[in-house]
Amino acid sequence: MEKREQLYEGKAKKVYATDDPALLIVSYKDDATAFNGKKKGTIAGKGVINNQMSNALMRRLESQGVPTHFVEELSERETLVKKVAIVPLEVIVRNVSAGSFAKRYGVAEGIVFSAPTVEFSYKNDALDDPLICLPHIFALGLATKEEMDTIIDLALGVNAFLKEFWAGCGVTLVDFKIEFGRLADGTIILADEISPDTCRLWDSATGEKLDKDRFRRDLGGVEDAYAEIMRRLKAHG
Ligand code: 5GP
């Protein structure tokens, strides 16, 4: 597999073309941003952890029947993935109140829901990724009804698997954001990443935050939290 020109540089990753038009290489950076790029920093070693964690989780999800973009881990920071056209939605699943949910409804963090919730944000930096409902997704032509049915089913399946997996590591999966893409034939698959950047992960016993909220909220111990969550994942086997 030959690495070719850089196609894109995002906040946390770079994407390169390869000699195969159906495959791309993703390279994870240590750069961290929050609040739509208004807060910037570096989390030493984050790129390696996010790459390895995302791949480990996507491999497991594939074996559970969830189609993903993962093809092969090439190095500590680089992974070969299937090329997709990203559906411009952030798909957010919540098991416990936190973050924007707690703020929007004026409730405490930590309320355990009786069933998971699924919501969507329109991926648009200029608009600050606004919350969007299904009728507006259809009105804007962002995805079809059939595609959204698939996306919701897959998102809930991902949640059920990850919630149980993290529970086995002594970690509560509070919420997470995932993204989906379309292959050339229109098939919807899981893309982007699953990492402490995109999930809220709380120690089940102490409630300690082991995710990017330590960076967003200036809680300190950011690198240690990322290292600890990776250690738990590896210990789980
Ligand atoms: P909230 O809407 O409460 O801010 O975020 C809910 C979940 O989705 C959290 O786990 C958060 O990490 C993730 N999330 C939401 N928006 C983004 C985003 O723009 N970037 C990243 N990395 N994660 C996000």
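Mentor: The crossing of H1 and H4 is right-handed. A crossing is left-handed if the near helix is turned anticlockwise from the far one by less than a right angle, and right-handed if clockwise. Helices (H or I, at least four residues) and strands (E, at least two) are DSSP runs, numbered from the N terminus.

Trainee: Which residues of H1 and H4 make the contact?

Mentor: Met53, Leu57, Arg60 and Leu61 from H1, and Val158, Phe161, Leu162, Phe165 and Trp166 from H4. Contact means heavy atoms within 4.5 Å. By class that is eight nonpolar, no polar and one charged residues. Ala, Val, Leu, Ile, Met, Phe, Trp, Tyr, Cys and Pro count as nonpolar, Asp, Glu, Lys and Arg as charged, and the others, Gly among them, as polar.

Trainee: What kind of model is this?

Mentor: This is a predicted model, in which local features need pLDDT of at least 70 and side-chain atom pairs count only at pLDDT 80 or more, while totals for chains, interfaces and linings use all residues. Residues are numbered from 1 along each chain as its sequence is written, and side-chain values use heavy atoms, leaving out hydrogens and water.

Trainee: Back to the helices. At what angle do H1 and H4 cross?

Mentor: The axes of H1 (residues 46–63) and H4 (residues 145–167) cross at roughly 115° and come within 11 Å. Axes are lines fitted to C-alpha atoms, for helices over the stretch in contact, and angles run from 0 to 180 degrees between N-to-C directions.

Trainee: What span should H4 have, and what does the model show?

Mentor: At 1.5 Å a residue, its 23 residues should span 33 Å, and the end C-alpha atoms of H4 are 33 Å apart, so the two agree. The expected span is 1.5 Å times one less than the number of residues.

Trainee: Which residues of H4 are buried?

Mentor: Among them are Glu147, Met148, Ile151, Leu154, Asn159 and Trp166. Buried means under 20% relative accessible area, exposed over 50%, and partly exposed in between (1.4 Å probe, protein chains only). Ala155 of H4 counts as buried because its relative accessibility is 0%.

Trainee: What does Ala155 touch?

Mentor: Not counting residues up to four places away in sequence, Ala155 touches Val91, Val93, Phe176, Ile178 and Phe180. Ala155 and Phe176 are 21 residues apart along the chain, with 9.9 Å between their C-alpha atoms.

Trainee: Switching to strands. Where is Phe180, and is it buried or exposed?

Mentor: Phe180 is in S12 (residues 171–182), and it counts as buried because its relative accessible area is 1%. Leaving aside neighbours within four places in sequence, the contacts of Phe180 include Ile86, Val91, Ile151, Leu154, Ala155 and Ile189. Phe180 and Pro88 are 92 residues apart in sequence but 8.3 Å apart in space, C-alpha to C-alpha.

Trainee: How much of S12 is buried?

Mentor: 10 of the 12 residues of S12 are buried, so this strand is largely enclosed by the rest of the structure.

Trainee: What does S12 pair with?

Mentor: S8 (residues 85–86) is antiparallel to S12 over two bridges. Two strands pair if DSSP finds at least two bridges between them. S9 (residues 89–96) pairs with S12 in the antiparallel sense over four bridges, and Val93 stands opposite Phe176 there. S14 (residues 199–203) and S12 are antiparallel over five bridges, with Arg200 as the bridge partner of Asp175. S13 (residues 188–191) is joined to S12 by four bridges, also antiparallel. Leu190 of S13 is the bridge partner of Phe180. S12 and S13 form a hairpin with five residues between them, and Gly186 in the turn has a positive phi of about 95°.

Trainee: Which residues other than glycine have a positive phi?

Mentor: Asp128, at about 65°, and Asp218, at about 55°, are examples. Asp128 is in the loop between S10 (112–122) and S11 (131–132), and counts as partly exposed at 44% relative accessibility. Asp218 lies in the loop between H5 (213–216) and H6 (222–236), and is exposed, at 59%.

Trainee: Last topic. What is the strand order in the open sheet of five?

Mentor: The order is S1-S2-S3-S7-S6, with antiparallel pairing. S1 (3–9) and S6 (70–73) are at the edges with a single partner strand each, so one side of each has no neighbour in the sheet.
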